Amino acid sequence: MIAPGSGRVTRSVSAGRAADATVMEWVRDRAAGTTGGLLGDLSVAAVVVDATIRANELDELFRREEDLRCVVLRGPDGPVLVARSWFEMTMTGRLGYGRLLHARTPILEMILEPSLVMGHDSTVAAAASAVIARRSPGTAADAVVVEWEDGSLGVAFVSTVFERLARQYAHQSWHDPLTMLPNRRYLIEQIQSLELQRADAGTSWQAVLFYVDLDRFKDVNDQLGHGAGDQVLTQFASRLLSVSRVGDVVVRLGGDEFAILATSPLTVAQAGALASRLVLEAAAPFVVELADAAGAVTERTVTIGASVGVAHSDLSLPSVLVTSLEVLLKQADIAMYRAKEQGRGRSTLYDPQIRTGQETSEATTARRRMERSLRAAIDQGSLTVHYQPVVDLPSGRVIGVEALARWHDPVLGNVPPDQFIPVAEQTGLINDLGEWVLRTACRQGAVSTVGVDDELTVAVNVSPVQLAQPGFVAVVLSALEDSGLAARRLCLEITETAAVADLEATAEQLRELRGHGVQIALDDFGTGHSSLTMLRALPLTTVKIDRSFVENVARSAQDAVLVRMVIETAHVLGLRVCAEGIEDADQAAQLVALGCDTAQGWYFGMPEPPSERLTRALRWTVGPDMFDASAPAPVPLGAADELILVTTPEHVITYASSTAQGLVGWTPQQLVGTPVLDHLHPESVARLASLDPTTVHDGRATHRVRHRDGGERWFDTRSKALRDEDGTVREVISVGRDVSAVRRTQGELADSEQKFRHVFDDAPTGMVLSGSDGRMLRVNPAFTAMVGRVPADLVGRLEAEIIDPGDHAEEAARLGALRDGTVSSFRLVRRYLGHDGVVVPAEVRASVIRDDAGGVVYVMGQVSPR
């Protein structure tokens, strides 16, 4: 503060708040829209002077600090702002005598109007409104006094407030208020700006435009309300920002349409990969909050999708003539519509042959031909149902079948299911097709066949379209009643996509079916949007692991670990696990080792129509186990107390099990990417370096491992190299068990034995260690000297052989008492026979050493001459 006549100034600074007077730029935050507009963001530290300051003192201060625009006085009624412009005008006066008249006048006596004072958390818009409201003659102000919670003061200049407000309004005109993304106008301006820049520079340009349209978004608004739809749009905008690159322009075009403009180079392959990622992001479930009439908020999971059109200006595509970025936008729009026409939930790269709103005549003709033929096949019942065996592991016993629709058309030939099932779903034929397969499978499954287990389960796939039908449960119950198949023998297989479409409604229908005894399996687990929430929410009995995970389960440590995680998770939830697509014995053996319950695939049997060959396959219900559950797995995975590491041939860790932290002190994340040799004792590193490089990856060894706490651990490690077909090592999996305690015990035993030997051998009296049968196992030098014999003449002989025959009876009685536990030790006088036949009398103190079961293991005798 400035004291009267002192000229000293102190500045009131709110630490870390508003030390910078520059206006903060309005930039888009990639995670949360735009920056806020609070008055405190614009304020600078106020120069606070003493309330008693006089005009001549303030005049001196302003003259000394030319850049000082205002000061603040702490008046009795609150802060008072004194602007330089007002002060200069007042001190000059109309006739120029102001300084003479007011020189000694206190400033507070010259202030007639209260200053505009606002809190730091006031909005910029509110500050601007307050300034405008005070702009009457004589009340204009250059700044607003800003108060902070700790009592410190700042000032926000009016020019800065209105500049910020203008920027805010400009930002709003260029951005979508819901998602805070730039809007279509911004994108068009960006396109035009880029074109002008490239034209001025005389350079060619490259860009990729992704046009994204959400599929089935209207259903969200119609069923859950526009509030839920807004939540989906906001979440999807965040997902787009998370996958876009720095420099990409992400915009909301309007409604449920978005776009990404990538101006940095992208190859066609890279653009395709990004487009596929956008489709996956849209397909992932959205969680929205819904409030009922009472205000209670619940969460709902909704699933939509997206169709993505991609237009590319890559010069390597001469067939795609792109004359401007605006043309690129139109081409991306056309490609997006083609993606929708092809079934939605996919991406399409623009091609000149694409015509908006219509398919090529060839594609149209083929699809319509297939649709007509499929409709006729369903009406005429000309499709067939094939059955693939499902076997128990490890026995290999057939316990069920899966019903699979097959279609052979006289004109089209054998039509794969992945072609006619999508057509059926798009045209609504899937309801008739699915019901026909269900009823056929139930009817044929209920037929008793000699030699085939009457309790085999029959699994039937259910389409998401079928599940969405209100009468689906009634159709299933009707099929069971008409066929006579027991409900416990029917298993309905639903996909993850079907489940997440409306998780709550799906769960309700499936719970009703489970109440009747029908089994429920989640098919193709791992290919969609698997989650623990789904496993817990649905009344499942079985989880089926998709063949894409099983394919490399016997050759890839990562895949084996993932499959084990699925199996263990399912078992914790009380579910059985079935693996699909088993094609060889190694896959089956690996799944047995991982604890998989059941399996199916060509290795166990191909899908067959009802026939004698199918009957023979289904009769395999008894016999020895097909697999040895105790046999080593192709990819060994450890137990819960073992450390699993997967490394490259160069010893770099690519995977570490969750047991790592408990065993070596490092988390899996900390281990991955580090050389395994960095965690070994130099002794183990040296031993590995001395091995043949062609065999170093396989075998068993004990390694000294450095623990994070600075200590060492011993690990008994089994390593196996996983090789490509040409023999090249792809990765190495090692399973280690901490044997530090064993090593310590071995060391302690060795130390104890050494001490025993020292005490026994160096004792001044004779010492004899005998077995329970009386044979001498060890004698010390004092004893051999006493009886005049050498150790080689004594060890291995019965002690009775060197004792006078007259003492044998008493010796036998005393030893018998030791063995049966009557006594634990005894003392007697014994006559030993020396080497030359001389009798050597001695006093013997004997005791026994017993094992854990109480049996006599050794007899220890201490012999002293008499």
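Q: How many bridges join E26 to strand E30, and in which sense do they run?
A: There are 6 bridges between E26 and strand E30 (residues 729–738), and the two run antiparallel. Strands pair if DSSP finds at least two bridges between them, so these count as a pair. One place to look is Leu645, which stands opposite Ser734 in E30.

Q: What kind of model is this, and how are residues counted?
A: This is a predicted model, where local features need pLDDT of at least 70, side-chain atom pairs count only at pLDDT 80 or more, and totals for chains, interfaces and linings use all residues. Residues are numbered from 1 along each chain as its sequence is written, and side-chain values use heavy atoms, leaving out hydrogens and water.

Q: What makes E27 and E28 edge strands?
A: Look at the open sheet of 5 strands, whose order is E27-E26-E30-E29-E28 with antiparallel pairing. E27 (653–656) and E28 (699–706) each pair on one side only. From one strand to the next, the twist averages 30 degrees. The names come from DSSP runs numbered from the N terminus (strands, E, at least two residues; helices, H or I, at least four).

Q: Which helix packs on this sheet, and where does it touch?
A: Helix H26 (residues 682–689) does, touching E28 and strand E29 (712–723). Its direction makes about 150 degrees with that of E28; such angles run from 0 to 180 degrees between N-to-C directions, with axes fitted to C-alpha atoms, for helices over the stretch in contact.

Q: What links E33 to E34?
A: The two strands pair in the antiparallel sense over 9 bridges, with E34 covering residues 839–850. Arg831 stands opposite Pro841 in E34. Their hairpin has 5 residues between the strands, and Gly837 takes a positive phi near 90 degrees there.

Q: Why is the pair of Phe62 and Phe87 given its class?
A: The structure holds 8 aromatic pairs, including this one, with 5.5 Å centre to centre and 45 degrees between the planes. Rings of Phe, Tyr and Trp (its six-membered ring) pair if their centres lie within 6.5 Å; planes under 30 degrees apart count as stacked, over 60 as edge-to-face and the rest as tilted. This pair is therefore tilted. Phe62 lies in helix H1 (residues 55–64) and Phe87 in helix H2 (residues 84–92), so the pair ties together parts 25 residues apart in sequence.

Q: What makes the pair of Tyr603 and Phe604 stacked or edge-to-face?
A: Their ring centres are 5.2 Å apart and their planes stand at 75 degrees, so the pair is edge-to-face. Tyr603, with a relative accessible area of 30%, is partly exposed, whereas Phe604, at 13%, counts as buried. Ring pairs link Tyr603, Phe604 and Phe627 into a cluster.

Key
Contact means heavy atoms within 4.5 Å. Buried means under 20% relative accessible area, exposed over 50%, partly exposed in between (1.4 Å probe, protein chains only).
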